[in-house]
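Thanks for making the time this morning. I would like to walk you through a few parts of one model, so please keep the sequence and the structure in view while I talk.

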Amino acid sequence: MALERYAAAVLADGPIGYWRLGEAPGAMTAVDASGHGNHGEYSAGGITLGLSGFKGGDTAALFDGLMGRIVVPNSKALNPRQLTLEAKINWSGPNPGPIRYTQRIFEKSSYEQRAEYALTIDGGDGHVVVDLRVRTALNGLDVNVSARSRSEVPQGVETHIVATFDGQEIRIYFNGMLESQTDLGANAGDLLLKYPSPPPPSLDGYLGIGNQTYPSRPRPFHGLIDEVALYGTALSAERVLAHYQAQFPERVTFQYAVKFVCGEAPGAAVAPGLYFTAINVHNPAYKEIGFRVKVAVAMPGLKPGPVSEFVRANLGPDEALEIDCSDILKISGVDARFLKGFVVIETAGIELDVVAVYSAAGRDGPISTMHTERVPPRRREERNDKA
């Protein structure tokens, strides 16, 4: 399932906290799936559990934009020097009341009720904001820094949001792609975090999900939140994209590499004569399918030949077509009397019937040889980010 693949991708990068928010209605504990034991407590109101989640069927938590919050006690694991913040959200827009709050997806709060680190939706305009408290490497000053996305998060649309901090830059990603990056310059350094916390009832250093931890200064998120993860390193762009793509079903591509020999051979590489290849392609499915074809030319002397661009073709149910030497020469774009190499055929999700027919003749005589070969597919699995 896509859900399991997504969780596997997250866990492969060693999160220091991973709250899937898939608990049933009535649950009091937001379980940390990272193995670090950073379990959170759902507020008594303001959060609805068990709602349809994101890509794969997991449930999500709906935050009312007024009072809902999850509070996670401070721990050593939640105090890294660098970090990545990740969540899937479906933002419902400004808060339902008269005040347009700053809407926290994450906030680890300091004793000054300022963010040690936070991932936020600006409740007024929908931009993503990252707030950090940093001790600068240059002069040891304690500074608050922030970064802001160039574009807004759309309302009512599932969005995968990631923010990374490597000590020098803050990067914000939407749906696996880099959206903005902010160089901190002289403010570069490590996160300045509070651990351990003062004894209860203090919430200093605690982590809030969907709100700030302190009820006296609400920053309530309005909408769905799911698959919340925190890492003690700055994930690479490749890993951020891999997480996003892991949400989607795998797409199976079938590829056929069909040998061809075409034209009049002078006798240097193969016996003199005329060579013909006809590749028959049949659609065994009960629906129309599309596929694509390219030509890879083989050259002597251990040197590769040119590879054409793909061209597209379609077959209706039970239809068949032929790719012959004139088609191969046209697709290859090579002007030659004799050509050999491979025709590569690719289709997504459905196997084709591919049979190659080879024939040859002497320069002045009738056909002297004929051979047919059924070409088996190679199966390739890849992420489908278009699902």
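Strand 12 and strand 13 (residues 169–174) run antiparallel and are joined by 5 bridges, where two strands count as paired if DSSP finds at least two bridges between them. Strands, as I use the word, are DSSP runs of E with at least two residues, while helices are runs of H or I with at least four residues, both numbered from the N terminus. What you are looking at is a predicted model, in which local features need pLDDT of at least 70 and side-chain atom pairs count only at pLDDT 80 or more, whereas totals for chains, interfaces and linings use all residues. Residues are numbered from 1 along each chain as its sequence is written, and side-chain values use heavy atoms, with hydrogens and water left out.

Staying with that pair of strands, F165 has I170 of strand 13 as its bridge partner. The hairpin the two strands form has 3 residues between them, and in it G167 takes a positive phi near 95°.

On its other pairing, strand 12 meets strand 7 in the antiparallel sense over 8 bridges, and there T84 stands opposite T164.

T164 belongs to strand 12, which spans residues 158–165, and T164 is buried, with a relative accessible area of 5%. Leaving aside residues up to four places away in sequence, T164 touches L83, T84, E169, I170, R171, Y173, A234 and L235, contact meaning heavy atoms within 4.5 Å.

What lines the largest cavity? The lining consists of L83, L85, V130, L132, A163, T164, F165 and I170. A cavity is found on a 1 Å grid over the protein atoms alone, as a set of points where a 1.4 Å probe fits but cannot get out, and lining residues have an atom within 4 Å of a point.

By type, the lining residues divide into 7 nonpolar, 1 polar and no charged, where Ala, Val, Leu, Ile, Met, Phe, Trp, Tyr, Cys and Pro count as nonpolar, Asp, Glu, Lys and Arg as charged, and the others, Gly among them, as polar.

Let me move to another strand. In strand 8 (residues 102–109), 7 of the 8 residues are buried, so this strand is largely enclosed by the rest of the structure. Strand 8 pairs with strand 9 (residues 115–122) in the antiparallel sense over 7 bridges, and E107 has A118 of strand 9 as its bridge partner. Strand 8 is also joined by 3 bridges to strand 16 (residues 207–209), again antiparallel, with I209 of strand 16 as the bridge partner of F106.

G208 is found in strand 16 and is buried, with a relative accessible area of 0%. Beyond residues up to four places away in sequence, G208 touches I70, I105, F106, E107 and T213.

By contrast, G35 is exposed, with a relative accessible area of 72%, and lies in the loop between strand 2 (29–30) and strand 3 (40–42).

I will finish with the helices. In helix 2 (residues 237–245), V240, H243 and Y244 are buried. Seen down the axis of helix 2, its buried residues fall within an arc of 100°, so they line one face of the helix; the arc is that of the directions from the helix axis to the C-beta atoms.

In helix 3 (residues 325–332), the buried residues are C325, I328 and S332. They cover an arc of only 60° around the axis, which puts them on the same side of helix 3. Among the elements that cover them are strand 18 (250–265), strand 19 (273–282) and strand 24 (338–348). Just after helix 3, G333 takes a positive phi of about 75°.

Conventions. Buried means under 20% relative accessible area, exposed over 50%, partly exposed in between (1.4 Å probe, protein chains only). On a 1 Å grid over the protein atoms alone, a cavity is a set of points where a 1.4 Å probe fits but cannot get out, and a pocket is an open set with protein on both sides within 12 Å along at least five of seven lines; lining residues have an atom within 4 Å of a point.
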